[in-house]
Number of protein chains: 2
Amino acid sequence: MPPPRATYRHGDLRAALLDAGLQLARAGGPDAVVLREATRRVGVSPNAAYRHFADRAALLAAVSDAAQGLAADSMKTALDALTAGGTAAEAARGRLHAVGSGYIAFAQHEPGLFRAAFTVPSDLSEAFSLAKAGRDGLTPFQLLAGVLDELVAAGEIGADRRLGLEFLAWSAVHGLAMLVIDGPLRGLTAELIDATRERLLDMVDSGL
Amino acid sequence: MPPPRATYRHGDLRAALLDAGLQLARAGGPDAVVLREATRRVGVSPNAAYRHFADRAALLAAVSDAAQGLAADSMKTALDALTAGGTAAEAARGRLHAVGSGYIAFAQHEPGLFRAAFTVPSDLSEAFSLAKAGRDGLTPFQLLAGVLDELVAAGEIGADRRLGLEFLAWSAVHGLAMLVIDGPLRGLTAELIDATRERLLDMVDSGL
DNA sequence: TCCAAGTTGTGAACACCGTCCACAATGCCG
DNA sequence: CGGCATTGTGGACGGTGTTCACAACTTGGA
């Protein structure tokens, strides 16, 4: 129930709606981002949204992109928490581990946003879209790809095996995230989930 | 627009609604299973559904269970297509590969049903529910667990490593399925997807 | 400076959805 | 044969996405 606007124009309605949409997604996943509710929270009539988004789907897509940016932030945070040290190879493996951990941590701490981020259909052509990027301008996909490149540079992975490796690592980590959020792993203790995550990341690591 | 029923009672409305729900899910995923449309297809008033399902959620849950049974069928089909031969260890590895392939094949051929099957929240306590079982009475989870047991019996995996192994294999395969259906791998050529699947299954195989 | 044109918000309306209530038709059991 | 639980119907309510016509405001050029 925000107070009535002073001016007739809102100022930045698009951003406000996107923000409300993110709140809704955070609380209830993609299905909870309801156009009318978003406009209600912003204190504007339902139809005003149509000046900034073609559709509910368009609003949801924008929310999804923003949520992917937040996922990228979580991955980046995990990367930044690493202490430098060891050989280049060790460092690169540590960074691969961090990227995966950050991804899963995001799913655990923001399941609604995670679902909103990765349930909306998209394809490879959008994996580099700036709209999906985090604070540092990189998308989750780009962060992963960067770490894989480091592994190649460090000689841990043959350059001939590099192509498409993103999909293997992503699959494993994404799958675990889904199973933890609303699959059979839901409700398991944090310790058990942590242990499973470590084993999974080991599997990825050894399986290249 | 089915012809009006001869009898006032329908006969087996619950099964008919479930079937209509499966059709809807097949065409449009979980969001497409809308209660009113299901009753419409069956030729019954919207409220009739409430005599057999508490909720739209209950109908969707039933659809999800049935879809998991179909996934189990796809996995079982892949298993049955294997030709016996080789050592016990080789056979067990082949069966692990088949289980994963069958799972991904189901996602590719029935993306709507796949989403309906695995997007609905559930937890481990339901992983053995007979409602989710396929023709042979086994759930997808049980099929996977069985193959992992074979690997242990064949000496390919140490018994001490067995616990929770389902989650590693499942994560990888489930993640790839999701990425293929509406993730960045969407729209890739079948050859590329097949190649990625093989590499992924190799990763699982070697990563135990 | 003023006014025409574009932009952005409003209000009313429509169709559709899930769900609840009261009621009717039906099958079953004593 | 008669009562009763079961199963389907009809009508209604509030909520949703979306469209159309219109109003308020901003802006840029004569």
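## A:Arg26 and its partner

A:Arg26 is partly exposed, with a relative accessible area of 41%. This value, like every other in this report, comes from a predicted model. The side chain of A:Arg26 forms a salt bridge with that of A:Glu110, with N and O 3.2 Å apart. A:Arg26 belongs to helix α1 (residues 13-28) of chain A, while A:Glu110 lies in the loop between α4 (88-109) and α5, so the pair ties together parts of the chain that are 84 residues apart in sequence.

Side chains of opposite charge can pair when their charged atoms come close. How many salt bridges does a search of the whole structure find over all chains? The search gives 30.

## Other salt bridges in chain A

A second pair joins the side chains of A:Arg135 and A:Asp73, at 3.5 Å from N to O. A:Arg135 counts as exposed, at 66% relative accessibility, and A:Asp73 counts as buried, at 11%. The cut-off for buried is under 20% relative accessible area, and that for exposed is over 50%.

A further salt bridge lies within one helix. A:Arg40 pairs with A:Glu37, and their closest N and O atoms are 2.4 Å apart. Both residues are in helix α2 (residues 35-42) of chain A, 3 residues apart, which is about one turn of the helix. A:Glu37 is partly exposed, with a relative accessible area of 23%. Together with A:Arg41, the residues A:Glu37 and A:Arg40 are linked in a network of salt bridges.

Helix α3 of chain A, which spans residues 56-80, contains A:Ser74. A:Ser64 has its place in helix α3 as well. Is A:Ser74 buried or exposed? At 18% relative accessibility, A:Ser74 counts as buried, because the cut-off for buried is under 20%. A:Ser64 also counts as buried, at 2% relative accessibility.

The side chain of A:Ser74 reaches the backbone oxygen of A:Gly102 at 2.8 Å. If neighbours within four places in sequence are left aside, A:Ser74 is in contact with A:Gly102, A:Ala105 and A:Phe106. With residues up to four places away in sequence not counted, A:Ser64 touches A:Ala116, A:Ala117 and A:Val120.

## A:Glu198 in helix α8

A:Glu198 is situated in helix α8 of chain A. With a relative accessible area of 28%, A:Glu198 is partly exposed. The side chain of A:Glu198 is joined to that of A:Arg197 by a polar contact of 3.1 Å.

Position in sequence and position in space can be set side by side for A:Glu198 and A:His97. These residues are 101 residues apart in sequence, and their C-alpha atoms are 8.7 Å apart in space.

## Where chain A meets chain B

The model also contains a chain B. In the interface, 35 residues of chain A are in contact with 35 residues of chain B. The area buried between the two chains is about 3000 Å², and carbon and sulfur atoms give 63% of it. Which residues of chain A lose the most area to chain B? They are A:Leu168, A:Arg199 and A:Met203, which together account for 22% of what that side buries.

The count of salt bridges between chain A and chain B is 0. The interface does contain 12 residue pairs in polar contact, with both residues at pLDDT 80 or more. On the side of chain A that touches chain B, α5 (111-119), α7 (165-182) and α8 (190-207) each supply at least two residues. Helix α7 of chain A gives the most, with 12 residues. By class, this side of chain A has 19 nonpolar, 10 polar and 6 charged residues.

## How the two chains are related

Chain A is superposed on chain B by a rotation of 180°, with 0.0 Å of shift along the axis and an RMSD of 0.1 Å. That is the relation of a two-fold axis. The same surface serves both copies, since 97% of the contact residues of chain A recur in chain B.

Definitions and conventions: Residues are numbered from 1 along each chain as its sequence is written. Chains are lettered from A and ligands numbered from 1 in the order in which they are written. This is a predicted model: local features need pLDDT of at least 70, side-chain atom pairs count only at pLDDT 80 or more; totals for chains, interfaces and linings use all residues. Side-chain values use heavy atoms; hydrogens and water are left out. Contact means heavy atoms within 4.5 Å. Buried area is the accessible area (1.4 Å probe) that two parts lose on being put together, summed over both. A salt bridge is a side-chain nitrogen of Lys or Arg within 4 Å of a carboxyl oxygen of Asp or Glu. A polar contact is a pair of N or O atoms within 3.5 Å; within protein, one must be able to donate a hydrogen and the other to accept it, and residues adjacent in sequence count only if both atoms are side-chain atoms. Helices (H or I, at least four residues) and strands (E, at least two) are DSSP runs, numbered from the N terminus. Ala, Val, Leu, Ile, Met, Phe, Trp, Tyr, Cys and Pro count as nonpolar, Asp, Glu, Lys and Arg as charged, and the others, Gly among them, as polar. Copies are superposed by least squares on the C-alpha atoms of residues with pLDDT of at least 70 in both. Buried means under 20% relative accessible area, exposed over 50%, partly exposed in between (1.4 Å probe, protein chains only).
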